[in-house]
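Please look at the model first.

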Amino acid sequence: MELWFTENHSENVRFSIKIDAPLHSEQSEYQRIDVFSTPEFGRVLTLDGYVMITQKDEFIYHDMIVHVPMAVKKKVKNVLVIGAGDGGTVRELCRYKDVEHIDLVEIDEAVIRVCKEYFPEMTASLSDERVTVHIADGLRFVRRKKNEYDLIIVDSTDPFGPGEGLFTREFYGNCYNALTDDGVLVNQHESAFYENDAKAMCRAHDRLRSVFEVHRVYQAHIPTYASGHWLFGFASKGLDPIKDLDAGYWNSLGIKTKYYNTDLHTGCFALPNYVIERLSGGAV
Ligand code: AG3
């Protein structure tokens, strides 16, 4: 008998991945956590039935959520990462030797535990001496921080369930205060193609735009996320992701990446017309 994992990408569209074996399944305090072994994508982690990472395409997401902001400004010493208990974002950040400290705030300890068991190559950097793991609600954690972080990465789930609070104006306002003057926030920004994702994208954009002086959206091709086209948000108090790109500096670091490069950096901010229209039309 064949086993398939199926995710609803919209009410009318389903996306399926053939499974070799289900490896783990549990209901944590916050969400359902599943791990599958698959012939095409290697191991796959899903939360509440949505693909979070696959071993085959996670490099795209993690390259884009980390290297884009890291190439924009040089002095990133103190970083806050919210969500991301799988460790992929922290793994990429740890490749920068100038980064001095990373606070990783994950609400669900079970995600870290499960990923340590099934994705050890991703979670290895969680034990880097520069990393402090906090099992806490990101929304609350950031409230008491002022002028502390050079970079905040919001590597959240979608805006329902445990990730909901991480898409609110209150949260973005608190992140603004937690950032230094030339600090940058990046987040996973949903997608423009299917209606529900597009609504979430517009809401996030409107709220970020109302809090930060600069808010730009950039894109990547991620095969296992709905529509295969996923967006990220870049917000700052003044730094521009393209004008302030320091390609020479970033390339001099010699960080080898499989997706990101500094030409793509400029290109990924050039959005298709339907996405631009959707974003400028505001939330519906
Ligand atoms: N973070 C979740 C990205 C959004 C996924 N949404 C979806 N498939 N509908 C991924 C965590 C990687 N560190």
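**Helix packing and the ligand site**

Helix 6 (residues 169-178) packs with helix 7 at an angle of about 40°, and their axes are 9 Å apart. The model is predicted: local features need pLDDT of at least 70, side-chain atom pairs count only at pLDDT 80 or more, and totals for chains, interfaces and linings use all residues. Residues are numbered from 1 along each chain as its sequence is written, and side-chain values use heavy atoms, with hydrogens and water left out.

Helices here are DSSP runs (H or I, at least four residues), numbered from the N terminus. Axes are lines fitted to C-alpha atoms over the stretch in contact, and angles run from 0 to 180 degrees between N-to-C directions. Helix 6 is therefore oblique to helix 7; angles under 35 degrees count as roughly parallel, over 145 as roughly antiparallel, 65 to 115 as roughly perpendicular and the rest as oblique. The crossing of the two is right-handed, a term for a near helix turned clockwise from the far one by less than a right angle. On the helix 6 side, R169, Y172, G173 and Y176 make the contact, and on the helix 7 side A204, R207, L208, S210 and V211 do (heavy atoms within 4.5 Å). By class, this contact has 5 nonpolar, 2 polar and 2 charged residues; Ala, Val, Leu, Ile, Met, Phe, Trp, Tyr, Cys and Pro count as nonpolar, Asp, Glu, Lys and Arg as charged, and the others, Gly among them, as polar.

Helix 7 (residues 195-211) also packs with helix 10 (residues 273-281), at an angle of about 55° and with axes 8 Å apart. These two helices are therefore oblique to each other, and their crossing is right-handed. From helix 7, E195, A198, K199, M201, C202, H205, D206 and R209 meet V275, R278 and L279 of helix 10. The contact of helix 7 with helix 10 has 5 nonpolar, 1 polar and 5 charged residues.

What surrounds the ligand? There are 13 residues around the ligand, and V51, H62, D86, D155 and D158 are the closest (a heavy atom within 4 Å). For D158, a polar side-chain atom is 2.9 Å from a ligand nitrogen atom.

Notes
A polar contact is a pair of N or O atoms within 3.5 Å; within protein, one must be able to donate a hydrogen and the other to accept it, and residues adjacent in sequence count only if both atoms are side-chain atoms.
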